[in-house]
Amino acid sequence: MKDIAANLKQIKDELPASCTLVAVSKTKPAADIMTAYSQNHRDFGENKVQELTQKAEELPKDIRWHMIGHLQSNKVKYIAPFVYLIHGVDSLKLLREINKQGQKLNRVINCLLQIHIASEDSKFGFDEADLMEIIKSEEIKEFSFIKITGLMGMATLTKDEDKIRQEFKSLKRLFEAFKAFQSENFVMQTLSTGMSGDYKIALEENSNMIRVGSAIFGKRDY
Ligand SMILES: *Cc1c(COP(=O)(O)O)cnc(C)c1O
């Protein structure tokens, strides 16, 4: 049996006040989102542009929508008017496009840079060297319609908790190190790590934004 309200409350009770819970509602119906919404939850995450725009249109306007999936440059325009935070920014090309769409709307769009911390090849994200290059580039300073507010990472899908912990630690180290490069549109404020299977470890390793789906809404069928 699924009990979204109870699951949500249980997780929220475990969180320090400084941590934001993004309820990952991908593949789940609007009614499930409304159950969480009626418990005063406002942060929801989706990983597909079409599903995200459809739900945003249908559901209350005070929901803060988080784009957590891989985002293609040609789809930025669909979410740029309303998205609260884009978690998975993993290329300079994408940053350029987000800035361009933000400029058209005269809206500053919040982004997290996705860092590759897992050992799997399939996970998207910058490595440390790419990231340094971007941070030090002159171009980024001119992106006045983007605000980079932190980093996002996904740990390896494994039962080895020590490995997951090490990956979260390495991301936290980068997060701290990049504070030396802060500027008006680059601040290290949000560290988005942790999902249903590993958010407890993420919290111990100082995550301040977790993205939890199945532990709230139940298993996804597809
Ligand atoms: C689906 C997804 C989550 C949530 O996964 P659960 O294991 O269901 O909690 C978190 N982050 C990203 C990027 C996702 O795609």
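This is a predicted model: local features need pLDDT of at least 70, side-chain atom pairs count only at pLDDT 80 or more; totals for chains, interfaces and linings use all residues.
1. Start with helices α1 and α2, residues 4–14 and 30–37: their axes come within 9 Å and cross at roughly 50°. Helices here are DSSP runs (H or I, at least four residues), numbered from the N terminus. Axes are lines fitted to C-alpha atoms over the stretch in contact, with angles running from 0 to 180 degrees between N-to-C directions.

2. Residues are numbered from 1 along each chain as its sequence is written, and side-chain values use heavy atoms, leaving out hydrogens and water.

3. Who touches whom? On the α1 side, Ile4, Ala5 and Leu8 meet Asp32, Thr35 and Ala36 of α2 (contact means heavy atoms within 4.5 Å).

4. Now the ligand. Residues around the ligand include Val24, Lys26, Met152 and Arg220, each with a heavy atom within 4 Å of it.

5. Look at the polar contacts too (pairs of N or O atoms within 3.5 Å). The side chain of serine 196 has an N or O atom 2.5 Å from a ligand oxygen. For arginine 211, a side-chain N or O atom is 2.9 Å from a ligand nitrogen. Glycine 213 uses a backbone N or O atom, 2.8 Å from a ligand oxygen.

Terms used
Helices (H or I, at least four residues) and strands (E, at least two) are DSSP runs, numbered from the N terminus. A polar contact is a pair of N or O atoms within 3.5 Å; within protein, one must be able to donate a hydrogen and the other to accept it, and residues adjacent in sequence count only if both atoms are side-chain atoms.
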